Amino acid sequence: MENDTILKEGERLDDLNRNGYMIIQNKDKFCFGMDAVLLTGFVNVKSGEKVLDMGTGTGIIPILLEAKTTGAHFSALEIQEESADMARRSVLYNNQDDKISIVTGDIKEASSIFNKSSFDVITCNPPYMNDNHGLKNPNLPKAIARHELLCTLEDVIRETTLLLKPGGRFYMVHRPHRLAEIIYTLKEYKLEPKRMRFVHPFADREANMVLIESARGGNPMIKIEKPLIVYEKQGIYTTEIYDIYG
């Protein structure tokens with residue numbers, strides 16, 4: 001498909017540096033961030049597994065996971081039709097439509113959209129800010145992606161438990177200041193935290209992201225991995241970040 005037929009006004013094609021894949025974005029709406037890419041580097045998808053990405057935005061997580069793993073199929077749920085449409089066109093452009101399905105729908109209703117206990121892996125890069133944190137962006141698509149306007153952390157975790165197979169794994173990226181709430185809610189819904197990694201902008205700075213893997217019905221034991229440092233020095237990424245980006 002040619003660029004001029006797949007792109008709408010204000011959109012652009014960005015190179016993902018994986019398998020020649022591209023993604024359609026609109027800088028005036030919402031573009032994916034480093035957090036989504038780092039999550040794809042943290043997720044473990046085994047051969048033949050079925051994956052769901054909740055709140056996929058323009059589809060960055062399933063597109064990268066399909067490139068990086070041997071998962072059987074990747075479903076993605078997005079409430080904003082404009083973002084879902086961009087995701088579908090990116091999937092089509094990359095010839096991934098046999099492996100990735102983009103569904104328009106509400107995370108709060110995910111367990112009635114998909115079959116319960118049907119996924120091996122669920123991923124989510126949810127809105128970080130609740131009503132007590134941060135200023136709401138006047139641009140609605142960006143505000144929905146960043147603030148808990150349409151769904152809460154509890155909504156995401158509740159629906160995840162219903163959709164995961166027993167022993168299935170949930171991967172999420174979030175902010176450290178909500179870690180106590182995250183762990184409490186995971187355990188409340190029988191998702192046991194198993195692996196955690198803090199992301200620091202520089203080696204001497206405090207963490208500004210946390211990557212968490214939990215398992216449905218897992219035993220209580222968590223592994224804290226070594227910190228992931230983003231910048232070696234101002235403007236220069238660490239080798240590990242370059243590896244994750246490919």
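Predicted model: local features only at pLDDT ≥ 70, side-chain atom pairs only at ≥ 80, totals over all residues.

Student: Which element is Ser 214 found in?

Tutor: Ser 214 is found in strand 9, which covers residues 209–216 and has seven of its eight residues buried, so strand 9 is largely enclosed by the rest of the structure.

Student: What does Ser 214 touch?

Tutor: Leaving out residues up to four places away in sequence, Ser 214 touches several residues, including Gly 168, Arg 169 and Phe 170, as well as Leu 191, Glu 192 and Pro 193.

Student: And which strands pair with strand 9?

Tutor: Strand 7 (residues 164–174) pairs with strand 9 in the antiparallel sense over six bridges, and in that region Phe 170 has Ser 214 as its bridge partner. Strand 8 (residues 191–200) also pairs with strand 9 in the antiparallel sense, over eight bridges, and here the bridge partner of Arg 195 is Glu 213.

Student: Ok, Arg 195 then: which side chain does it meet in a salt bridge?

Tutor: The side chain of Arg 195 meets that of Glu 225, at 2.8 Å from N to O. Arg 195 lies in strand 8 and Glu 225 in the loop between strand 10 and strand 11, so the pair ties together parts that are 30 residues apart in sequence.

Student: Are those two buried or exposed?

Tutor: Both Arg 195 and Glu 225 are buried.

Student: What about Arg 197, which residue does it form a salt bridge with?

Tutor: Arg 197 forms a salt bridge with Glu 240, and their closest N and O atoms are 2.8 Å apart. Arg 197 sits in strand 8 and Glu 240 in helix 9, 43 residues apart, and the pair links distant parts of the chain. Arg 197 is buried, at 9% relative accessible area, whereas Glu 240 counts as partly exposed at 27%.

Student: How many salt bridges does the structure hold?

Tutor: The structure holds 19 salt bridges.

Student: Switching to helices: at what angle do helix 2 and helix 3 pack?

Tutor: Helix 2 (residues 34–42) and helix 3 (residues 60–68) pack at an angle of about 35°, with their axes 10 Å apart, and their crossing is right-handed. By class, the contact has seven nonpolar, two polar and one charged residues.

Student: Why is helix 2 described as largely enclosed?

Tutor: Eight of the nine residues of helix 2 are buried, so the rest of the structure largely encloses it; among the buried ones are Met 34, Asp 35 and Phe 42.

Note on methods: Residues numbered from 1 in each chain as written. Heavy atoms only, no water. Axes fitted to C-alpha atoms, helices over the stretch in contact; angles between N-to-C directions. Helix = DSSP H or I, 4+ residues; strand = E, 2+ residues; numbered from the N terminus. Left-handed = near helix turned anticlockwise from the far one by under 90°. Nonpolar A, V, L, I, M, F, W, Y, C, P; charged D, E, K, R; others polar. Buried < 20%, exposed > 50% of the residue type's maximum accessible area, 1.4 Å probe, protein only. Pairing = 2+ DSSP bridges. Contact = heavy atoms within 4.5 Å. Salt bridge = Lys/Arg side-chain N within 4 Å of Asp/Glu carboxyl O.
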